[in-house]
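Please open the model in a viewer and follow the stops below in order. Each stop names a selection and then describes what is found there.

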Amino acid sequence: MAEAPLLLTTDPGERDRTDALLLGLVAEGDREAFGRLYDRFSGPLYSAALHILQDAAEAQDIVHDAFITLWEKASTFERTRGSAFSWSVTLVRNRAIDRIR
């Protein structure tokens with residue numbers, strides 16, 4: 001794996017670049033990059049799902065499903081349309097809303 005820098009900065013641009021790099025590596029099937037992306041995103045994504053669903057088990061299921069989609073569809077991410085994190089939050093949000101329906 002091409003080594004993505006660790007997040008040691010609070011600069012949002014640097015975080016976005018690192019996230020996009022990791023997602024690009026995930027698109028190539030890099031499991032280590034997927035693990036790093038999981039470490040970076042899982043907490044905030046779980047919080048978003050929990051906020052919408054108000055159910056811990058349902059939130060866990062939604063985040064799990066979202067990460068499966070991230071793995072399978074990483075190559076469809078378009079950096080020009082937003083950050084990797086915002087794309088991930090959108091996946092979680094949409095799934096959570098669908099679950100409520």
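Rings of Phe, Tyr and Trp (its six-membered ring) count as a pair if their centres lie within 6.5 Å; planes under 30 degrees apart are stacked, over 60 edge-to-face, and the rest tilted. The structure holds five aromatic pairs.

This is a predicted model, in which local features need pLDDT of at least 70 and side-chain atom pairs pLDDT 80 or more, while totals for chains, interfaces and linings use all residues. Residues are numbered from 1 along each chain as its sequence is written, and side-chain values use heavy atoms, without hydrogens and water.

Select phenylalanine 34 and phenylalanine 67. Their ring centres are 5.9 Å apart and their planes stand at 90°, so the pair is edge-to-face. Phenylalanine 34 lies in helix H2 (residues 31–53) and phenylalanine 67 in helix H3 (residues 56–73), 33 residues apart; helices are DSSP runs (H or I, at least four residues), numbered from the N terminus, and strands are runs of E of at least two. Phenylalanine 67 is buried, at 4% relative accessibility, whereas phenylalanine 34 is partly exposed at 21% (buried is under 20% relative accessible area, exposed over 50%, partly exposed in between, with a 1.4 Å probe and protein chains only).

Tryptophan 71 is partly exposed, with a relative accessible area of 32%.

Finally, display the whole protein. Its secondary structure comprises four helices and zero strands. Buried residues make up 32% of its 101 residues.
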